[in-house]
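These notebook entries record what I looked up in the structure shown below. I took the aromatic rings first, then the sheets, then the nonpolar cores.

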Amino acid sequence: MTGLDRRGFLAATTLGVVAAGPLAALSARTADASTMVKRPFSPDYGPLAPVKDHTTGLELLKLPRGFEYVTHGWTGDPMTDGRPTPGAHDGMAAFRPSGALKARTKGTGKGHWTVLVRNHELGSLNGAFVDPAYNPTAGGGTTSLIFDTRTGEFLDSWASLGGTVRNCAGGPTPWGSWLSCEETTEINGEYRHGYIFEVPHDGVSSAEPYKEMGRFSHEAVAVDPRTGWVYETEDATPSGFYRFRPKVRGDLSQGGVLEMMTIGSSAYVTYADGTGVTYPEIGWVVIDEPDPCPGETSVVRQGVAKGGASFNRLEGAWYHDGKIYIVSTSGGPIGQGQVFEYDIAENTMRVLFASPNAAVLNNPDNICVSPRGGIVLCEDGSGVEFLHGLTTDGEIFPFAENAVVIPDGGVPGKNVAPGNYTGSEWCGSVFDTNDGGWLFANIQSPGITFAITGPWQDGSL
């Protein structure tokens, strides 16, 4: 196959993947495990090599030739609003700036701005880092940033949600906000956690939990732009796949109905299902108490009791072209991960692919898609952590390697302990909202945001 063939684009947006593209090709390959290999490097971009950070001068990543990056928002760095940047960087989304945000912020080149909203998966109870806060003692939440894609600079940053616990992932809405999810069911005094909070991309959240969307170990959400229905994943075992039908499209604060998916007529378990398994009989059951009190039946157990289907640690969720793509990190015949495709209009689902062995894909987590149709897979397994790309003929390759080692004596101007952080997971990968020339991603520990650019057009991303 020629390099040009491998670089063929598929029709996609930053919020989805297409079944006719790389994931379908990967799916076809899983039918014969002998054809499933992980390339040592991209067939187009080439091998990885250490690249210096333009911000610190350290070689923090390994990237293909021609790619470069800047870092920002290290844990403890002062933000524009004067607060220190929280740690445990996680899920993230990119937005075009609103007119109000452009008007209130000084500077030029506003047409090249991208706004990022970033989660912080902190479970500490040392106090909220911004007001208004949901729980004044809880240390999790979100921060927001503005990046200029023309100059390659971070321009602004501020705390945008506080008083929450373990904000892991979430998802963007069609109306320009970020839904930040708590991956916990912790109870701290009078405060129950495990909710979804909405964060405007151009301001600060009211920190009001959307209790009717459920209290459980949330991971990600994907919103159907036609109906405004929100599809939710749960990072637990067993976990359910849920949908929230709001009373008012685009106004989740008005409440709605939470439902859990069923497969067939009984409480089906998907844990061991392999590539190609289809589920034509999909139903939904109402969760009677989406916000259970202590001692009451959990949301997932309520659903299973009514015939709800069980999954093994659902994590990433993305919408595209009438379909929701759902990642099970620990599902599949050997427990190395599954990707499901749910067709909204047809109300059917299938296993798009299940990893045949850890050498191919080791516990996939979230999926990121470029405006060109390229797919980035975040791996949350063991050993050194990678961002993986996917060729259009279904081969996986490492695109970025976490090479973060902080030398003895630390980094000037950074409050980060020396040590080897190469085993820390990648999180929150997303491309900018202009021409997709920048890929943003987080290394959770020591907590760094990367902005990567380069010759994307030369390869599959």
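**Aromatic rings**

I looked for groups of rings and found that Tyr45, Phe67, Phe397, Phe399, Phe431 and Trp456 form one aromatic cluster. Rings of Phe, Tyr and Trp (its six-membered ring) pair here if their centres lie within 6.5 Å; planes under 30 degrees apart count as stacked, over 60 as edge-to-face and the rest as tilted.

I note that the model is predicted: local features need pLDDT of at least 70, side-chain atom pairs count only at pLDDT 80 or more, and totals for chains, interfaces and linings use all residues. Residues are numbered from 1 along each chain as its sequence is written, and side-chain values use heavy atoms, with hydrogens and water left out.

I found 26 aromatic pairs in the structure. The pair of tyrosine 45 and phenylalanine 67 is edge-to-face, because the ring centres are 5.3 Å apart and the planes stand at 90°. Tyrosine 45 lies in the loop between helix H2 (22-29) and strand E1 (48-52), and phenylalanine 67 in the loop between strand E2 (59-64) and strand E3 (68-72), so the pair ties together parts that are 22 residues apart in sequence. Helices (H or I, at least four residues) and strands (E, at least two) are DSSP runs, numbered from the N terminus.

(Buried means under 20% relative accessible area, exposed over 50%, partly exposed in between, with a 1.4 Å probe and protein chains only.)

I then checked phenylalanine 147 and phenylalanine 154, which form an edge-to-face pair with 4.7 Å between centres and 65° between planes. Phenylalanine 147 is buried at 0% relative accessibility, and phenylalanine 154 is buried at 15%.

I also recorded a charge over a ring: the charged end of arginine 245 sits over tryptophan 229, 5.7 Å from the ring centre. The criterion is NZ of Lys or CZ of Arg within 6 Å of the ring centre and within 35 degrees of the ring normal.

**Sheets**

I traced an open sheet of six strands with antiparallel pairing, in the order E1-E2-E26-E25-E24-E23. Two strands pair if DSSP finds at least two bridges between them. E1 and strand E23 (364-369) are the edge strands, each pairing on one side only. Strand E25 (residues 386-390) and E26 pair in the antiparallel sense over five bridges; leucine 390 stands opposite isoleucine 396 in E26.

A three-strand open sheet, also antiparallel, has the order E8-E9-E12. Strand E8 (167-172) and strand E12 (196-200) each have a single partner strand, so one side of each is left without a neighbour in the sheet. Four bridges join E8 to strand E9 (residues 177-182), and glycine 171 has leucine 179 in E9 as its bridge partner.

**Nonpolar cores**

Which residues have the most contacts inside the largest nonpolar core? They are Leu63, Phe399, Phe450 and Ile452, in a core of 30 residues. Such a core is a set of buried Ala, Val, Leu, Ile, Met, Phe, Trp, Tyr and Cys residues joined through side-chain atoms within 4.5 Å. The strands that each supply at least two residues of this core include E2, strand E29 (426-431) and strand E31 (448-453). Apart from this core lies another of 23 residues, among them Ala220, Phe241, Tyr319 and Met349.
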